[in-house]
Every structure is written in structure tokens, then in C-alpha cells.
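The following exercises concern a predicted model and are to be worked with the sequence and coordinates at hand. Each task is followed by a stepwise solution.

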Amino acid sequence: MININGVFAPLLILFVLIGGALLLIRFISKHFPTMRRKERWLLPIYGAVLVSCGIILAFLEPFEERTASSEEERLSSLSLYSYIESGNIKKIDSEYIRKEWDFTHTDGDLRISSEPSHEFMASIFVEKVPGLENKVEVTYYETPLYVDGEDMSNYIRPPEATLSKGLLKLNNPVEHQYVELYTFREPFPYNQFIERKMVGNQNESSVFHGESIILIRVGEEKTLDLDPDSYIEYVN
Amino acid sequence: MSLNNMSLGTLVGKQYLFKWKAFAGVFNSMIALQLLAIVFSAGGVGQTGTSTGSVSIDLYYYSVDNVVGFTMVWAFFKSILITTKSYRNDDYLFVTNRLSSNLANILFVFSASVVAGLTAILSGYVIQMIQYVQGNTFLTEANPLSLGEWFTGAFATILYILFIGALGYLIGSVVQLHRTLVIIIPVALLGFLFVYDFNEPGMISMFKFYFKENIFWLFAMKILGTVLLLFAASMLVSNRLEVRK
């Protein structure tokens, strides 16, 4: 498939559609004199534009394919908190690791804070691990957030972590993330005869919230200074 | 009096072709209404979403439901329109009778429903194209409609439009019986909408009869049967009219 995803592609398509319609009008007027009245040519032009749009879309395939999940998949989504509480962090499937950072910090003291402290996008946990010495491992775990069966995780930017001058700072990527997605729902005469569930045709709750956790692992000999406004908890 | 001896089929065919050309203007209003419905659908027909702390997610739905709805309204009024005196008088350009005139009208309503249904469904591509031109992230169904499902849905849309068209044709025919019915019928219909309890079991079972039928051929039989009854009733009613009334 040809992939024309430049900035000018949509404008080019508009130009082709409008230009094509004008050429068709001229062609009809010239070769079919009986169709000069607009009542006669408006419908063929309209039909031609509709079909052209369908052909162009089929040719470009510009849209993302939904990865809609099954209800079982959504309901079986694991609880990261239960793993944290039970101390089985290592048993969390690696597919839920969204981002990892590795830092080296030689000082004995480490300050940790999040920004903004009250609306940080993940729960923060700290674990002291023997043998890590100067390593600071930060792992961002995330279970999917489903809206109408669609896993929205890929559209949400993960948080950012930086370590500088003895301060490990966790930030939201932007102040507020607005994710807007669009999808096409089949018209009602279609849904009447389709047995499988189509988009927007589900009776159960359409939003399933996932869990987001940042786990910071540091050597057990480190002295930690946790920002009290940042709701940081120890694993053990 | 004409010396031509034409068969009913030839006469209906000629009248139908004439009507197809003469009534071409009604499609302009259909196009205008469908474009209006596309504009109304530009902001989406539904939305779901959530907000968690610093993240807000919205999923907007687009559909041609509005376009299909507007097209049904058009089909209703277009069918009434072709029963009016000015349109009926066009038939006297031909050697005609009530039967041939009605059959030609019914054929026109059938073909107009096919055109209207197909354009309503295809208008979905325009809505998707607008999304593409706007640069929006548009998600498509991972398991899209098969060709069979597409045609089934398209036929169902056409049948719904035909059903409404046939209803309009009957009302149009009844209205021609007497001038006062022009007022009485719309008032009675509106009054019915206000007064009638749509949760009444009879209405619910009628709703289920048509709209909850998910076996296509049964649905098609039900709609086509009803449409035939509506057209037959229209023909009976119009036979009671005087010549050129």
C-alpha cells in the first residue's frame, strides 16, 4: 500500500476531489446536453464523490486498527497492588513494564520527589534491596486502561524520571494529557444483524481502569529522604 | 381518446422513466439533507471517556445514523409530495389510469429508496475522510464487516427507507381524499406521539417485530410484506378519487 502521510496529503485529496467533481461537471455538460440541468448531474456527482472517498480510504488505509480486547481479557487484568503488597514484585509479567531507568548514585543520601505531587500519574513505591549498592533502578509498571474495549495505554505518555544532585525526580510528561481518539460506529441497520459485538455496541461498562505503579529499587545502605507531599510508600 | 393500444407493463415503464426524469429534483433535497446530517455528525454522535489524575481520555464515535435518519424523513415527505395534485397531473401527459400511475409511483419510491439507502451508507466514507483531513487519530474496527455483512446492512437500510417511504405514500394518498385531511392527519399523528404510551405492550411487541428481528430474511419478509400492504392500501384509497382530483 502507498503511504502518503505527509502534511499535504489531505490537502491534495481535497484538491483531487473538488477538481474531479468540477471536471466531471464540465464533462457531463459537454457530452450529455440533456443533463445540463443541475437536477440531473447533482446526484451522479454526489455519488461519485462518495465512492471516490471510499476508494481513496481503501487505498491509503490511513487509520489505526483497533486492538479491541475481549471481556475476559479485561476482567482478568492483574492487580499490581496485590503483587506489591505480597512482595512478589519479581513475579509481575514483564509485559506490564512500560519503561525502565537505571541510574548510578554514589552518595549515601537520596532524595525522592514527584512533580506535581498531588496529581502524579502513578503510585510510587520504594524498595531497599541488598546488593544493589550504587544502582538506582526505576521501573514503571502499567496495566491496560480500556475504553470501549480499546487498550489506551499506548496513547498515554509514561512519566519521566531524572536523577541529579542527589534528587530523584519523577515528573508527569506534561501538565495534563488529553487523549482524543475517534472511531466509526456502524449504523443501526447493520448492528441489528451482526451477532458479534462491534464498536460502541456494548452493554457493559465501557471503561476499565488499569493500575500504574513506579517502583524505585535502591541499595539497602542508602538513606532516603522522601518528599512527604508525594505519597511515596515503602514496599516492605 | 387515444388510438394507441399499450400494455400495462409498457405504460408503467414509460411513466416510470418519465417520473425518474421529472422527479430528479427531489434528489437535490436528499443530497442537501444528507450533507446537513454529515455536518451535524461532525462533532461525533457519541462519546465515552475517563479521567485519571492528569490524564483525560475521550473516545468519540462517528456514525451515519443521523444521515440514515434524515434520509428516512426525506423519504417520508418525498412520498407524500409525489401524491400531490401537481405531480399527479403530470401523468396525464400519457395515456394513463390510476393503476399505471400508482405502479409507476411505487417503482419510483422503490428506486429512490435504493439510491437514498446507498448514498446514506456511502456517506460514512465522507465522514471518515473529514477525520483524515483533520488529522485525527481514527481507529477502525479490527474485525471489519465482511462483504456479506456490508450488503446485508445496506439492504436493511434500503428496506427501512422504503418502509418509511411507503408509509408516506399511504398518508399522501389519504390526504388527497379531502382537503381537511391535510390538517387532520398531521395533527392526529402529532397528538398520537404526545398521547400514546409507547411502553404499552402492543407498541413494544410491534417494535420488537421489526427492529429486534436479527434474522435478515425474516426481517426482509416482514418489511416487504408491510410495504406491499401499505402500497395496496394507497392504491385502494386513490381509486376512490375522482378523475383529475
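**Exercise 1. Identify the buried residues of helix 3 of chain B and state what covers them.**

Solution. Step 1: apply the burial cut-off, under 20% relative accessible area. In helix 3 of chain B, the residues that count as buried are B:Val67, B:Val68, B:Thr71, B:Met72, B:Trp74, B:Ala75, B:Phe76, B:Lys78 and B:Ser79.

Step 1: recall the helical repeat. With 3.6 residues a turn in an α-helix, residues three or four places apart point the same way.

Step 2: find the cover. The elements over these buried residues include helix 5 (188–191) of chain A, and, from chain B, helix 2 (26–40), helix 5 (98–134) and helix 6 (147–175).

Step 3: check the geometry and the confidence. Helix 3 of chain B comprises 17 residues and reaches 24 Å from its first C-alpha to its last, close to the 24 Å expected at 1.5 Å a residue. Among the elements of chain B, helix 3 (residues 65–81) has the highest mean pLDDT, 93, whereas helix 4 (residues 85–89) has the lowest, 74. For chain B the mean pLDDT is 84, and 92% of its residues reach 70 or more.

**Exercise 2. Determine the strand order of the open sheet of 5 strands and explain what is left at its edges.**

Solution. Step 1: pair strands 1 and 2 of chain B. Strand 1 (residues 46–52) and strand 2 (residues 55–62) are antiparallel over 7 bridges; B:Thr50, for instance, has B:Ile57 as its bridge partner. The two strands form a hairpin with 2 residues between them, and B:Gly53 in the turn has a positive phi of about 60°.

Step 1: cross the chain boundary. Strand 10 (residues 177–184) of chain A runs parallel to strand 3 (residues 138–140) of chain B, with 2 bridges joining them. Here A:Tyr182 is partnered by B:Phe138.

Step 2: The order is 1(A)-3(B)-10(A)-2(B)-1(B), and the pairing is mixed. Strand 1 (64–65) of chain A and strand 1 of chain B stand at the edges with a single partner strand each, so one side of each lacks a neighbour in the sheet.

Note on methods
Residues numbered from 1 in each chain as written. Chains lettered and ligands numbered in written order. Predicted model: local features only at pLDDT ≥ 70, side-chain atom pairs only at ≥ 80, totals over all residues. Heavy atoms only, no water. Pairing = 2+ DSSP bridges. Helix = DSSP H or I, 4+ residues; strand = E, 2+ residues; numbered from the N terminus. pLDDT = per-residue confidence, 0-100. Expected span 1.5 Å × (residues − 1). Buried < 20%, exposed > 50% of the residue type's maximum accessible area, 1.4 Å probe, protein only. Contact = heavy atoms within 4.5 Å.
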